[in-house]
Amino acid sequence: MTKVALITGGANGIGLGIAMQLAREGYALALTGRSSLEKVAENIDKVKSFGSPVVYISGDVASDESRQAVLQKIDADFGRLDVLVNNAGVAPKVRMDILETTEESFDHVLNINLKGAFFLTQRVANYMLETKKNGADMNPVIINVSSISAYTSSTARGEYCISKAGIGMLTALFADRLAEYGINVYEIRPGIIATDMTSGVKAKYDRLILEEGLLPIKRWGLPEDIGNAVSVLCSGKLAYSTGEVLNIDGGFHIRRL
């Protein structure tokens with residue numbers, strides 16, 4: 001039976017890197033995003049080029065209606081779900097000092113990055129449990145993509161940092177709750193990854209990485225680096241581990257003088 005993975009925010013950036021890797025490994029994929037299919041068709045075709053079944057579902061993970069529609073589509077098309085990757089995330093529309101941040105910006109970021117991830121995980125976990133109860137031979141995995149911003153202060157985008165810190169506790173909670181059912185939950189913390197989200201600060205981080213020694217591994221991270229990490233966590237080779245945090249950050253988390 002072909003394994004099925006759901007990747008939120010799966011048509012661009014880190015999500016696309018993850019989708020490409022899992023498609024390469026033969027997973028059937030459900031990808032979600034807020035863009036229309038027309039806007040991401042080229043990237044979806046890249047994923048399909050590996051020969052795996054791929055469906056794209058346009059919607060907003062912050063909406064319960066969208067979350068419900070995603071699961072209904074997966075059940076109708078595939079009848080099972082082996083992997084959930086909570087990757088969808090947004091930065092503030094405008095960076096503001098935390099002394100000036102608005103409730104609107106706070107709600108926008110946390111509704112997508114944290115609330116959406118929490119309630120999609122809740123819905124997916126119940127679906128996985130029901131599928132296993134009905135006799136499916138599967139060892140489901142849930143992977144949450146957070147960020148080094150989970151513990152690194154950026155006072156001009158505090159709402160983003162808070163949302164990613166929350167993903168850490170989301171991971172711990174669901175890892176604890178689902179372990180008895182054989183569903184392992186992990187967190188990946190990407191570092192400075194070359195995507196559209198970071199393109200505006202390329203010159204800054206080129207300098208910090210290449211000239212000022214910000215990272216022990218002196219290069220930008222790539223979406224495929226995260227895809228490879230997801231592949232490892234899906235492999236079953238870490239079956240006696242849950243709630244684990246995997247830093248894919250060029251060594252940024254190492255505190256050094």
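Biologist: In which helix does Asn43 lie?
Modeller: This is a predicted model, in which local features need pLDDT of at least 70 and side-chain atom pairs count only at pLDDT 80 or more, while totals for chains, interfaces and linings use all residues. Residues are numbered from 1 along each chain as its sequence is written, and side-chain values use heavy atoms, with hydrogens and water left out. Helices (H or I, at least four residues) and strands (E, at least two) are DSSP runs, numbered from the N terminus. The run of residues 37–48 contains Asn43 and is helix H2.

Biologist: Is Asn43 buried or exposed?
Modeller: Buried means under 20% relative accessible area, exposed means over 50%, and partly exposed lies in between (1.4 Å probe, protein chains only). Asn43 has a relative accessible area of 14%, and therefore counts as buried.

Biologist: Which backbone oxygen lies 2.8 Å from a polar atom of the side chain of Asn43?
Modeller: A polar contact is a pair of N or O atoms within 3.5 Å; within protein, one must be able to donate a hydrogen and the other to accept it, and residues adjacent in sequence count only if both atoms are side-chain atoms. Contact in general means heavy atoms within 4.5 Å. Apart from neighbours within four places in sequence, Asn43 is in contact with Ala11, Asn12 and Leu16. The oxygen at 2.8 Å from the Asn43 side chain belongs to the backbone of Ala11.

Biologist: At roughly what angle do the axes of helix H1 and H2 cross?
Modeller: Axes are lines fitted to C-alpha atoms, for helices over the stretch in contact, and angles run from 0 to 180 degrees between N-to-C directions. Angles under 35 degrees count as roughly parallel, over 145 as roughly antiparallel, 65 to 115 as roughly perpendicular and the rest as oblique. H1 and H2 therefore count as roughly parallel to each other. The axes of helix H1 (residues 13–24) and H2 come within 8 Å, and the crossing angle is roughly 25°.

Biologist: How many nonpolar residues has the contact of H1 with H2?
Modeller: From H1, Leu16, Ala19, Met20 and Ala23 meet Asn43, Lys46 and Val47 of H2. By class, this contact has 1 polar and 1 charged residue, and its nonpolar residues number 5. Ala, Val, Leu, Ile, Met, Phe, Trp, Tyr, Cys and Pro count as nonpolar, Asp, Glu, Lys and Arg as charged, and the others, Gly among them, as polar.

Biologist: How far apart in space are Phe50 and Glu25, C-alpha to C-alpha?
Modeller: Phe50 is found in the loop between H2 and strand S3 (54–58), and is partly exposed because its relative accessible area is 34%. Not counting residues up to four places away in sequence, Phe50 touches Met20, Ala23 and Arg24. Phe50 and Glu25 are 25 residues apart in sequence, and their C-alpha separation in space is 8.7 Å.

Biologist: Is the crossing in which H3 passes H4 left-handed or right-handed?
Modeller: The axes of helix H3 (residues 64–77) and helix H4 (residues 103–133) come within 10 Å and cross at roughly 30°, and H3 and H4 are therefore roughly parallel to each other. A crossing is left-handed if the near helix is turned anticlockwise from the far one by less than a right angle, and right-handed if clockwise. The crossing of H3 past H4 is right-handed.

Biologist: Within what distance do the axes of H4 and helix H5 come?
Modeller: H4 and H5 are roughly parallel to each other, and their crossing is right-handed. Residues that meet include Phe106, Leu110 and Phe118 in H4 and Ile162, Ile167 and Leu170 in H5. The residues of this contact divide into 14 nonpolar, 6 polar and 2 charged. The axes of H4 and helix H5 (residues 158–178) cross at roughly 15° and come within 9 Å.

Biologist: With the side chain of which residue does the side chain of Asn184 make a polar contact?
Modeller: Asn184 is placed in strand S6 (residues 184–190), and is buried because its relative accessible area is 13%. Not counting residues up to four places away in sequence, Asn184 touches several residues, among them Pro140, Ile142 and Leu238. The side-chain polar contact of Asn184, at 3.1 Å, is with Tyr186.
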